[in-house]
Amino acid sequence: MIKKAHKSAAQAQKKAYAPYSQFKVGAAITSGAALFTGCNVENASYGGTVCAERVAIWTAVAAGTKSFDNVVVVTDSEVPAPPCGFCLQVMAEFCKPATRVWLANPKEILKVYELRELLPKPFGPDFLDD
Ligand code: THU
């Protein structure tokens with residue numbers, strides 16, 4: 001499953017629209033046998049840019065899937081690039097603390113973390129109960 005997800009994330013990276021940063025990112029997320037992909041989509045306003053991980057998650061949610069087992073992120077960075085803080089927060093909404101986040105380049109997976117390692121103290125719905 002991870003091999004397939006990695007391949008799909010690498011394919012998605014090729015679709016990245018990154019004319020401003022030239023930093024192309026592909027993401028794939030899995031939920032059981034289901035797989036969703038995304039790429040970063042930049043905007044001339046800069047602030048309108050959306051990361052590959054969130055594109056993949058929103059695509060999945062729009063298709064009715066709201067819980068994920070794995071997130072694979074493909075960049076061309078030599079040092080494996082972790083997801084940004086916004087994406088980690090969105091992952092915390094839909095993933096488990098033990099969800100695996102695989103960091104890769106198009107050729108190979110370089111590193112794997114659990115989400116709780118990358119975002120140890122997420123803001124969550126419990127804080128909204130008071
Ligand atoms: N980017 C992602 O797609 N995912 C991340 O987790 C980090 C950053 C994108 C956003 C922007 O298009 C480019 O990489 C440079 O920040």
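Author: A definition comes first. A residue counts as buried under 20% relative accessible area, as exposed over 50%, and as partly exposed in between. Phe123 has 47% relative accessibility, so Phe123 counts as partly exposed. Phe127, at 53%, counts as exposed. Keep in mind that this is a predicted model.

Now the rings. A search of the whole structure finds three aromatic pairs. One of them joins Tyr20 and Tyr46. Their centres are 5.7 Å apart, and the planes make an angle of 45°. That pair is tilted. The partners come from distant parts of the chain, 26 residues apart. Tyr20 lies in the loop between helix H1 (2–13) and strand E1 (26–31). Tyr46 lies in the loop between strand E2 (34–39) and helix H2 (52–62). Tyr20 is partly exposed, at 40% relative accessible area. Tyr46 is exposed, at 59%.

Phe123 and Phe127 also form a pair, and this one is stacked. The distance is 5.4 Å centre to centre, with 15° between the planes. Planes under 30 degrees apart count as stacked, so 15° qualifies.

Next, the ligand. The residues around the ligand include Ser21, Phe23, Val25, Thr49 and Cys51. Asn40, Glu42 and Glu53 are also among them. A polar side-chain atom of Asn40 is 2.9 Å from a ligand oxygen atom. For Glu42, a side-chain N or O atom lies 2.5 Å from an oxygen atom of the ligand. For Glu53, the corresponding distance is 2.7 Å. On its own, the ligand has 370 Å² of accessible area, and the protein covers 78% of that. The space the ligand takes is the largest pocket.

Terms used: Residues numbered from 1 in each chain as written. Predicted model: local features only at pLDDT ≥ 70, side-chain atom pairs only at ≥ 80, totals over all residues. Heavy atoms only, no water. Phe/Tyr/Trp six-rings, centres within 6.5 Å; stacked < 30°, edge-to-face > 60°. Helix = DSSP H or I, 4+ residues; strand = E, 2+ residues; numbered from the N terminus. Buried < 20%, exposed > 50% of the residue type's maximum accessible area, 1.4 Å probe, protein only. Near = heavy atom within 4 Å. Polar contact = N/O pair within 3.5 Å; in protein donor to acceptor, adjacent residues only side chain to side chain. Areas by Shrake-Rupley, 256 points an atom, 1.4 Å probe, with all protein chains shown as cover. 1 Å grid on protein atoms, 1.4 Å probe; cavity = no way out; pocket = protein on both sides within 12 Å on 5 of 7 lines; lining within 4 Å. Sits in = over half its atoms within 2 Å of the grid points.
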